[in-house]
Amino acid sequence: MTPKERAERSAAAMWSDDNASKWAGMEIARVDEGLAVLELTVAAHHCNGHGICHGGVTFMLADSAFAFACNSRNQSTVAQHNVISYIAPGQLGDRLTATATELSLTGRSGIYDVKVTNQDGRTIAEFRGMSRAIKGHLFDED
């Protein structure tokens, strides 16, 4: 199995049980080893009292992209620590894209950067996630 095939099978296994990301309206655009791209269109129910995309929704999108990237090798992996910086507000109707990229993977610990942009390429947020591999796999490999 190629690394990309493993990443795609890992994503499919995770997605099947990821009710939160589906409930929020996210879609997986692309996965590969150490990489994941998720998208979300900002709907009215994603907006806060200021009429902009709730920061928790932006965080959730970035966190989900991070999760798919750090689980791309079929090794169960969880978040150890995350931080986000909000650069610009997401607006109603925006198509947000979260691109998660692996920076480092040493032993059981990984570092991932996630950039959230809108349909015009404007940066909405920058997220850094630190991961920790745990026991288990997402699917049985032959």
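**Notes on a predicted model**

1. Start with a pair of serines: the side chains of Ser-21 and Ser-64 are joined by a polar contact of 2.8 Å (an N or O pair within 3.5 Å, where one atom must be able to donate a hydrogen and the other to accept it; residues adjacent in sequence count only if both atoms are side-chain atoms). Ser-21 sits in helix H2, residues 19–24 (helices are DSSP runs of H or I, at least four residues, and strands are runs of E, at least two, numbered from the N terminus). At 1% relative accessibility, Ser-21 counts as buried (under 20% relative accessible area, with a 1.4 Å probe and protein chains only).

2. A word on the ground rules. This is a predicted model, where local features need pLDDT of at least 70 and side-chain atom pairs count only at pLDDT 80 or more, while totals for chains, interfaces and linings use all residues. Residues are numbered from 1 along each chain as its sequence is written, and side-chain values use heavy atoms, leaving out hydrogens and water.

3. Now look at H1. Its buried residues are Arg-6, Ala-7, Ser-10, Ala-11 and Met-14. Seen down the axis of H1, they fall within an arc of 135°, so they line one face of the helix (the arc is taken from the directions from the axis to the C-beta atoms). They pack against strand E1 (27–32) and helix H3 (55–70).

4. Leu-38 is worth a click. Leaving aside neighbours within four places in sequence, its contacts (heavy atoms within 4.5 Å) include Met-26, Leu-61, Ser-64, Phe-68 and Leu-96.

Definitions and conventions. Buried < 20%, exposed > 50% of the residue type's maximum accessible area, 1.4 Å probe, protein only.
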